[in-house]
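Dear colleague,

Please find below the structure that I am handing over to you.

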Number of protein chains: 2
Amino acid sequence: MNYNVLFLPHNQTITVPDGETLIRAAMEAGVHINASCGGEGVCGKCRVIIEEGSVEEGITEKLNKDDLKKGYRLACKSVIRSDITVRVPVESEVDASALKMKPTARCTARIVQPDFESLKDKGLFTPPVEKKYLELPKPSATDNLPDTTRLVSFLKINHDEHRLVVSLPVIRMLPEILREKDFKITATLARPVQAGRKSYIIRIEPGDTTDRNYAIAMDIGTTTIYGQLIDLKTGEVLSEAADFNGQISYGEDVISRIVFAEKGDGMAKLHEVVVSTMNKIIEKILRRAKVKKDEASTITLSGNTTMTQLFLQVNPKYIRRSPYVPAATIYPPLHARSLGLELGDHTEALVYPQISSYVGGDIVAGVMGSGMYRAEALTLFMDIGTNAEIVIGNKDWLACAACSAGPAFEGGGISFGMRAARGAIEDFSIHPGTLEPMNITIGNVLAKGICGSGLIIMVAKMFETGVIDNQGKFNRNLGTNRIRETEDIWEYVVAWEEETQIGRDIVLTEVDIENFIRAKAAIYSGCQTLLAEVGLEIGMIERIFLAGGFGSYVDLEKAMTIGLLPEMDTEKISFIGNSSLLGARMSAMTNRIRQDVGDVMRKMTNFELSETPSYMDNYVASLFLPHTDIDLFPKVKARLKNCDMKQ
Amino acid sequence: MNYNVLFLPHNQTITVPDGETLIRAAMEAGVHINASCGGEGVCGKCRVIIEEGSVEEGITEKLNKDDLKKGYRLACKSVIRSDITVRVPVESEVDASALKMKPTARCTARIVQPDFESLKDKGLFTPPVEKKYLELPKPSATDNLPDTTRLVSFLKINHDEHRLVVSLPVIRMLPEILREKDFKITATLARPVQAGRKSYIIRIEPGDTTDRNYAIAMDIGTTTIYGQLIDLKTGEVLSEAADFNGQISYGEDVISRIVFAEKGDGMAKLHEVVVSTMNKIIEKILRRAKVKKDEASTITLSGNTTMTQLFLQVNPKYIRRSPYVPAATIYPPLHARSLGLELGDHTEALVYPQISSYVGGDIVAGVMGSGMYRAEALTLFMDIGTNAEIVIGNKDWLACAACSAGPAFEGGGISFGMRAARGAIEDFSIHPGTLEPMNITIGNVLAKGICGSGLIIMVAKMFETGVIDNQGKFNRNLGTNRIRETEDIWEYVVAWEEETQIGRDIVLTEVDIENFIRAKAAIYSGCQTLLAEVGLEIGMIERIFLAGGFGSYVDLEKAMTIGLLPEMDTEKISFIGNSSLLGARMSAMTNRIRQDVGDVMRKMTNFELSETPSYMDNYVASLFLPHTDIDLFPKVKARLKNCDMKQ
């Protein structure tokens, strides 16, 4: 059920779902309502008048009886249950000018879910492990073929299976298992990457167990590890779980993990804890779906280069040393058990290949999961997390790079930056007249800090309202106590200490903004550089895939305003979620992925941006909001011009 | 230095090497000299007169001064150091008739040693593991390929190596080892069976170690395990060692081992002890050649089906149960370490495939080692040990069978049968007149029993002299106390108790002879059956390869006389020694063997003789000396006729 909300005097209408809070509807509509406390109702600043219809709640001690009679409610506490008309009180002359500004509604990327059903339609639902039920002829005096020969010949004759290898563990169990149910067995076959190569018979069970064939897909993130259990008969995800990577206690980012790995038995310790986290997740998803560990025939794994090497006990030492060389790209199929995973003796572990020290298996998995390598359209794939990796290309060519963006988008290097957790300011508006903020936090609680997506909006709004200039410097002459100089650094007070959970003023400083601009510049100029190296320009990008948790919250228009994303129709920007996990899942479901990944690896050109001559120029030119060359952002240019004219 | 020995009154001359004893020279020449004590000099019966020239020693207390003056010496103690003329005293009228018999000189098979040098000439000296010294370019800011990619690309470009797989253990060691000697390394490559398939990089060492690349070849016999260390640079065998299979304590033959394996942790125990024997041999041959265990890149193994399964911890239970099904034919390449062998982490174990429960990897290795699968000539390959296996064929077809010969040729099932060890009667003659024996034992000591090769000679001589008839029954009317009936069983006293080490008369009974005839019949009729199944006859066999320790001692003429071997020119019979070990060594030296073995396995037809209708008729017809159909043995027929006429 949706309702229409009309904001006056702006005369701005927005349609919101039943149960939305009024303050979020206002933010969505681009209507500024003063609000500092993040939506918890304690600052009492977000007073609005309900002129038509009614809202649920919205009543607090901050409103007296007189207020209530007049229809005043607190926007942050009001729940929309019908069509309503809301008047936002205009409390000063200056405020009136705000009404002239054309609001831009918050627009996040369309969420794209891959269509796994179509795999089946296309006959591509061919997992790398397959079960076959077989009723073998029983041996007799005149037919006493060895057990393996009986099995292999039967598969050859009746199932057109050739080039089969029977592993020693299977040979060991074969004599008893064949005779357990009268030579009726289920064989598990591990498929080769390339058709025509050897298939391995990795397991034999008595009777028909073809109903129970499962795979696990796992994304080994630096921060979080995600696992999914997949039914290989239907392709369904039966259960999923996530947990913090146990390695976090030994360092937040990959570099600190590598440093730790170099000390004493540090590498063994990091291996142990990551495997322990993985086993916890495995145990959980198996238990939830009532699947036994030896019913999982395969586990597909993706992770960045450092996570992959630590998991596989390959020393990551040289990843952080110039010239930044990883140990390997491609890992052969491995035994899950030999890696410490508590799965069947036969369970195969397939590990996504790495491209370079800072473009790892998670990105390759993302490219595979997104399908960009099969597309005609020139696509930009972006995974912004602790680091930012970009891939540009299509079915004909691919180029990738790791951008030294740093962790600004995860709140790193920002005075009050924080991860997107409860209490993080995730949405923000600034009143162009009063310069008062409108803060909305995750969980509608008192603010603790600012998360990455909030930061983008904050910088964009400050830039649009002229609070900061295109170099990120504050306008020193705006006459508000929110902009101040502390210890030689200029800053904007986002929330006063009494409106926070931390008992200190939450501020955004010029140094924060500088760090933030450097981060976005690294990414944007990275894209420009990759394109320039193949003779193309950034305007030619036809669509963007955003991966990683961050991508789903980014206000696309604001990301363009600050020059993080190239300007384009927001319809062409999709959020594909945890594409590393998606890629892992894809490769558990269709062996085609493993065939294609070889091509992708060959097609992919990795650029070390620091070694690419044009990069530095592009980077320096990007150290502006949105860019030195404003013509790269025509819509932003037009909007800014419009604002200037109106002010 | 060779000398001529003329025996009188036989007028028989023989040429023998310097240092030969006179009694062995006589035996070789077919000249009977009474001798019961085996050659130790205690019976004093082998008195001869040296008429010309002189011998060393030959003087004992059995001869008085008068005897010595007349030139008497004991033949068993006389060492030939020059040309001599020897008179054998004729002590009775009857003896004279013996002189009319045409003696047949002892003739053992020509020993064939494979010509490994020719492998090199033919470009076939291509071991399954190869070392390559590589000087890789060092990484730089503009060339920061992953370590594996650097290695693989270099091999591709500079050594035309394609389809390389780098194993996880190698990936783990690669970063440090590459940087230890400035990116100068030696890579060990494990070759695929078929050209064009994947090669595995299994080891990386710093610097140039191509000089040190070794293989171990091992024959896992039921009784004895043999190992050889091979230098893969030259093909030379650097050291070898043998030891009794530790499993002997748990049963003499494969059946008793299987029975033991079925009880409690019997299989684990048998695995443990065989691996322990193997490790002892490995340690010994490595130490002798001053080679480190991780310098052995590969170990090639051959053994019969039961030995192979016990070593690989594959339950042999069904090998001894009808319809006698082994677990597997082909085993994939394995890691030596995972099998319990104390070799390098990377050392590959290549195990010869099995054909059936009783035609195992030792026979396949023999076929490969003998080269019969590449020959034009129709060849019979025979390995007579605890069991007897035969292979017949050539480059176009191959058929094999296990013959239920039992252990008669190893002394089993014979009252005084024993293995070919010190004290075993290995050569024998019977005086056609006196019916006195001439026993020669291994080590020239008092007799303890009769070994297989001695038994063949004994039965043949008794048959030729009419002591037994063609059914193996004693002629009851020969008037000698050596032939007697004890507890309803007729027997011949080979040595009186005082002439033995065991303090009992050593006899050969009719039951022994019956068992012996059954054993030889099983083998001969097996050959006939295989040939008949492909429409051929036994007379078409062009050559015979005898394998196993037994084969080198067999008196070929006698083996034909009793009908064990088909009659043919003895020049066409070769002894190829431990062909199982030979095959293992071959496959360590040329990968071509592994390619060929696949073809051989496909070409080979295994016959279960008990299930082959024609077998029983052939078998029954063979239960005679030499055969019901004497025309199959024309030379024996002629010789017998000759004897009859003379007597």
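The contact (heavy atoms within 4.5 Å) takes 45 residues from chain B and 45 residues from chain A. The area buried between the two chains is about 3600 Å², with 57% given by carbon and sulfur atoms; buried area is the accessible area (1.4 Å probe) that two parts lose on being put together, summed over both. B:Asn144, B:Arg172 and B:Tyr318 supply 16% of the area that chain B buries against chain A, more than any other three residues.

This is a predicted model, in which local features need pLDDT of at least 70 and side-chain atom pairs count only at pLDDT 80 or more, while totals for chains, interfaces and linings use all residues. Residues are numbered from 1 along each chain as its sequence is written, chains are lettered from A and ligands numbered from 1 in the order in which they are written, and side-chain values use heavy atoms, leaving out hydrogens and water.

Two salt bridges are counted between chain B and chain A, each being a side-chain nitrogen of Lys or Arg within 4 Å of a carboxyl oxygen of Asp or Glu. One of them joins B:Lys317 to A:Glu176, with the closest N and O atoms 3.4 Å apart.

As to symmetry, a rotation of 180° with 0.1 Å of shift along its axis superposes chain B on chain A (RMSD 0.1 Å), by least squares on the C-alpha atoms of residues with pLDDT of at least 70 in both. The two copies are therefore related as by a two-fold rotation axis. In chain B, the C-alpha of B:Arg197 is nearest the axis, 4.5 Å from it.

Yours sincerely
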